[in-house]
Structures are given as structure tokens and as C-alpha cells.
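Here are a few notes to read alongside the model.

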Amino acid sequence: MKSPEQNTFPRNTWYVAAKADEVQDRPLGRQICGERMVFYRAKEGRVAAVEDFCPHRGAPLSLGRVCEGKLVCGYHGLEMGCDGKTIAMPGQRVRGFPVIKSYAVEERYGFIWVWPGDKSQADATLIPELQWHGSPEWAYGGGLFHIKADYRLMIDNLMDLTHETYVHATSIGQSEIDETPCKTEVHGEGEVVTSRFMHDIPAPPFWKMALRSNGLADDVNVDRWQICRFTPPSHVMIEVGVAHAGKGGYEAPDEHKVYSVVVDFITPETDGSMWYFWGMARKFNPGDAAVTEQIRAGQHKIFSEDLEMLELQQRNLADHPERQLLKLNIDAGGVQSRRIIERLITCEEAVST
């Protein structure tokens with residue numbers, strides 16, 4: 001069992017474990033919060049999740065198959081129920097087989113959500129609402145990265161977009177981001193918001209493309225906004241967009257702007273690796289599949305640049321754990337987000353002792 005100083009993620013909460021289309025005919029093995037799990041579709045297509053460990057010989061159940069809603073081990077044919085109890089095994093009595101851990105799991109908004117902690121505490125109403133999902137006014141495209149870095153480094157990255165000026169200079173970066181003050185607010189005990197509003201500036205390449213795709217001129221100055229919202233355990237939603245300058249900025253009518261929400265679900269795999277589910281929900285020209293793919297490809301390139309930076313940052317931090325890092329005013333969003341995470345971990349540990 002981890003010592004308190006090693007525990008870096010809360011467990012009694014919902015994480016995105018997979019995209020819904022990743023769990024189809026075959027089981028999917030994935031490590032979440034240090035625990036190896038296997039996801040599969042049981043009876044009537046409902047998603048189930050159990051420990052990725054066959055109680056017979058310890059083989060990974062994710063290497064098996066699904067037959068009539070039952071998870072069948074690929075080693076000796078043991079059949080596992082979604083409650084973690086062995087159902088049957090060819091030629092064997094299974095009443096004495098130990099129960100393996102099962103997990104609370106929900107399928108919602110095109111994602112599979114898992115509660116790694118105490119299953120009895122799982123409350124599906126705590127899954128965040130994604131107002132854009134299924135709406136004809138919105139379009140969504142996204143992807144998944146496996147990143148060898150502490151998941152909190154990605155939260156730091158997303159709650160301070162100053163780095164766009166440097167890391168993403170050819171797509172969404174511009175000097176005006178660095179030059180515009182960033183405001184950080186903490187709302188209650190569970191939300192951190194950082195915001196930056198830029199006025200009468202040139203649009204960078206990505207946003208010029210977005211303006212054109214919505215039938216708007218791309219050769220005029222714009223008002224640009226970035227509103228980053230962290231909610232625990234590790235979700236960051238970022239309202240982004242541009243409007244033709246002088247038309248109202250963030251509040252401009254739809255005919256004068258392009259508005260999107262960058263979707264970031266960051267799921268810890270281990271202390272030093274994560275699953276990063278990324279995407280963009282846009283509220284303009286939703287019916288154009290070519291635009292959706294163009295934006296998805298652009299985001300893939302942008303987030304690939306973040307991936308390289310974070311993995312090498314993680315390597316440096318692991319090589320020099322004794323070094324103290326500087327905290328500047330631009331780091332406030334990440335600092336406040338980490339405080340919420342730490343508070344959740346402390347509360348869980350207090351209950352378990």
C-alpha cells in the first residue's frame with residue numbers, strides 16, 4: 001500500500017477510462033490510478049470493469065474474450081462475472097475461487113467512466129455534464145494520448161496557457177498571450193478558473209482557419225479569449241475563441257465569432273504516466289465533417305508538442321527531485337488546482353485510517 005507521501009491521486013471519484021468505441025467486442029486492459037483493470041461489455045451491452053487478474057493463475061483477463069456477456073480468461077477458460085465472482089471453469093468446481101475487485105463504471109457522453117475507489121460510494125450524478133454532447137448545434141472531434149509524465153504536469157500546462165506563445169508558435173501561439181495579464185479565481189472548494197481576454201489583435205493561424213470555416217473574414221483583427229476551468233479530480237474545460245474586433249468579444253453574437261470548448265480529461269495511469277483524452281467541441285458550422293477533421297488534426301499536432309515537452313520535463317524532475325521550482329503569478333491556476341487535489345487525497349486518507 002502506498003504511503004501518504006506517495007499518494008498523488010484521489011480514488012473516490014470518476015475518471016475517464018476509455019472512449020466508448022474502445023470497448024466493443026474484445027476486452028480492454030488499462031491501468032488507472034495504479035490499478036490494472038479490464039473493461040468489457042456484459043449482457044445487453046452494458047460496460048463492466050473488474051481487476052485484470054484471473055484468480056486461477058494470475059493471467060491478465062484482458063487477453064481473453066467475451067462470450068454471451070461473460071469475460072472468459074484466455075489461459076484456461078475461466079468465466080468471470082461483472083461482480084468479480086468466478087462463474088464457471090471447464091471441468092472444475094469454482095465455489096472456492098476468491099472474488100476479485102470489481103469497479104463502478106458508467107458509459108456517458110461517448111466515454112467510459114470508472115470509480116477506482118470504494119464502489120459503494122460511487123454516485124453517477126457526480127459525473128460532469130457535457131452540454132454539447134448530442135446537441136445539433138455542436139460538433140466534437142478528439143483523441144487519446146498516453147503520456148509518460150505525472151498527470152498534474154498536464155493540469156499545470158492547461159491552467160497556464162502562457163506557454164502557447166513558445167510551444168505552439170506556429171498554430172495558436174502569439175506574443176499577445178504573454179503580454180496580457182491572466183486572472184485566477186477559486187470558486188468554492190471545487191473549481192479553479194483562469195482567464196485571459198485579448199483585444200484588437202491579429203488572429204494566429206489556427207484561428208484564421210476557424211474563421212474561414214465559419215464564413216468569416218480572417219484578415220481583420222480579433223478579440224480573443226481563454227477561460228480555463230479545473231474541476232476535480234483532473235478535468236479541464238477551456239472556453240476558447242475569437243470574434244471580429246469591436247463586435248463584443250466573448251459576448252459577441254454567433255455570426256461574428258468562432259467559439260469552442262477544449263475538452264481535457266486527464267487520467268493518471270501511475271505516478272509518472274497518464275491517459276490524456278483530448279478534443280474540441282465547437283459551436284460553429286457543426287455539420288461540416290471536413291472542418292471537424294481539420295480541427296482534430298490541428299489539435300493532434302498541438303498536443304503532440306505538449307507531449308514532448310511534458311515527458312522531458314518529467315525526466316528532468318525525476319533526475320533532480322531535490323530541486324525547488326519557482327512559482328510565478330502565471331502558475332496560480334495550477335497551484336490552486338493542486339491544492340484541491342491534495343485536499344481530496346487528505347480527506348480520503350483520514351477516512352481510511
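**Notes on the predicted model**

1. Glu35 is buried, at 17% relative accessible area (buried is under 20%, exposed over 50%, partly exposed in between, with a 1.4 Å probe and protein chains only). Its salt-bridge partner is Lys101, with 3.1 Å from N to O; a salt bridge here is a side-chain nitrogen of Lys or Arg within 4 Å of a carboxyl oxygen of Asp or Glu. Lys101 is partly exposed at 30%. Because Lys101 sits in the loop between β8 (86-88) and β9 (102-108) and Glu35 in strand β3 (residues 35-41), the pair ties together parts 66 residues apart in sequence.

2. A word on conventions: this is a predicted model, where local features need pLDDT of at least 70 and side-chain atom pairs count only at pLDDT 80 or more, while totals for chains, interfaces and linings use all residues. Residues are numbered from 1 along each chain as its sequence is written, and side-chain values use heavy atoms, leaving out hydrogens and water.

3. Strands β9 and β3 are also tied together by the pair Glu107 and Arg41, whose closest N and O atoms are 2.9 Å apart. Glu107 is partly exposed at 39%, whereas Arg41 is buried at 16%. The structure holds 14 salt bridges.

4. The largest nonpolar core has 85 residues, and Ile266 is among those with the most contacts inside it. Such a core is a set of buried Ala, Val, Leu, Ile, Met, Phe, Trp, Tyr and Cys residues joined through side-chain atoms within 4.5 Å. A second, separate core has 15 residues, including Cys54 and Leu71.

5. How much space lies in the largest cavity? About 220 Å³, a volume being the space filled by probe spheres set on grid points that are joined across faces, edges and corners. On a 1 Å grid over the protein atoms alone, a cavity is a set of points where a 1.4 Å probe fits but cannot get out; a pocket is an open set with protein on both sides within 12 Å along at least five of seven lines, and lining residues have an atom within 4 Å of a point. Of the 19 residues lining this cavity, Glu164 and Ile172 are among the closest to its centre.

6. The largest pocket has a volume of about 1,300 Å³. Its lining has 34 residues, with Leu153, Asp156, Gln313, Leu325 and Arg338 nearest the centre.

Notes. Helices (H or I, at least four residues) and strands (E, at least two) are DSSP runs, numbered from the N terminus.
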